[in-house]
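Have the model open while you go through them.

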Amino acid sequence: MFELVEPIATVTFSEVPTEAFLAIGMRNYWDGYFAGRAAPLGLAPAEVVHAVFYNFADGEVARHIPWVWGKTTPEEAIAVRERGSAAALWQMIGELADAPGLVRVADLATRAAVSAPTEGRVLYAGLRALDVPEEPVARLWHAATLLREHRGDGHNAALVAHGIGGTEAHVLLALSVGMRPEEFGRIHHLPKAQLAAVVDGLRGRGLVDAAGEFTDAGRKTKERIEALTDELAAPAYDVLSGDELDELVAGLEPIAAAVEAADD
């Protein structure tokens with residue numbers, strides 16, 4: 001489900017929504033990112049957004065929050081994000097947007113997306129408080145976003161439970177896909193000394209070896225975090241029968257594939 005939901009939800013970080021945010025006064029991509037994604041939290045200070053988003057380096061959120069709230073409001077940002085994301089999804093999936101089965105897929109996804117428990121899921125709870133769009137493509141994007149952030153909140157809980165900080169999580173992800181941390185997109189910009197200190201901390205805990213690669217303990221820790229993340233994400237789908245879940249998977253597959261092909 002992660003592999004099917006993630007491409008649909010993350011159209012919100014593509015060109016069309018970004019252009020929509022630039023049109024209302026955002027200076028760059030990241031202004032729009034933080035305004036749109038943090039908007040369900042209201043006028044939360046940078047410290048709170050940093051805590052909820054979990055994996056940004058210190059100071060990154062504060063470069064955008066609260067500056068963006070001098071140019072827009074959370075309510076406007078929510079509307080801009082929804083319109084831009086729905087337009088992007090329409091553009092990427094083409095004729096699938098008009099397929100008769102899309103309404104059914106959006107309905108099943110929405111049933112799952114609004115059924116999960118909110119306790120401890122701050123960003124998910126904020127999104128749950130929003131109105132569900134009526135238009136099917138927008139509703140599908142909204143449902144995918146709810147499911148993505150519900151999973152994300154659970155992933156953060158799994159990281160906390162294993163004592164893995166936000167930057168450390170990026171290092172472990174980089175190593176898991178065979179990349180050196182300094183090459184990994186989300187942390188390559190960090191000062192070398194800062195990134196080296198993070199790796200040294202993981203090495204001191206026995207998760208990374210002298211060559212900067214996973215130890216067995218590091219690999220098992222990463223695997224446990226991913227397994228727990230999946231386990232914590234599962235309750236969102238309990239409301240669906242086995243047949244309905246199969247139907248949702250079958251309906252999402254061509255949509256997710258079309259989005260990924262458009263991204264490529």
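1. With that, the lining of the second largest cavity has 4 nonpolar, 3 polar and 2 charged residues.

2. This is a predicted model, where local features need pLDDT of at least 70, side-chain atom pairs count only at pLDDT 80 or more, and totals for chains, interfaces and linings use all residues. Residues are numbered from 1 along each chain as its sequence is written, and side-chain values use heavy atoms, without hydrogens and water.

3. A cavity here is a set of points, on a 1 Å grid over the protein atoms alone, where a 1.4 Å probe fits but cannot get out; lining residues have an atom within 4 Å of a point.

4. The largest cavity has about 70 Å³ of space. Its lining divides into 5 nonpolar, 4 polar and 2 charged residues, including Phe-13, Tyr-33 and Arg-81. Helix 3 gives the most, with 5 residues.

5. The second largest cavity has about 30 Å³ of space. Among its lining residues are Asn-55, Glu-60, His-170 and Arg-186.

6. Arg-81 also turns up in helix 5, where it is buried (under 20% relative accessible area, 1.4 Å probe, protein chains only). Gly-94, with a positive phi near 55°, follows helix 5.

Key: 1 Å grid on protein atoms, 1.4 Å probe; cavity = no way out; pocket = protein on both sides within 12 Å on 5 of 7 lines; lining within 4 Å. Points joined across faces, edges and corners; volume = space filled by probe spheres on them. Helix = DSSP H or I, 4+ residues; strand = E, 2+ residues; numbered from the N terminus. Nonpolar A, V, L, I, M, F, W, Y, C, P; charged D, E, K, R; others polar. Buried < 20%, exposed > 50% of the residue type's maximum accessible area, 1.4 Å probe, protein only.
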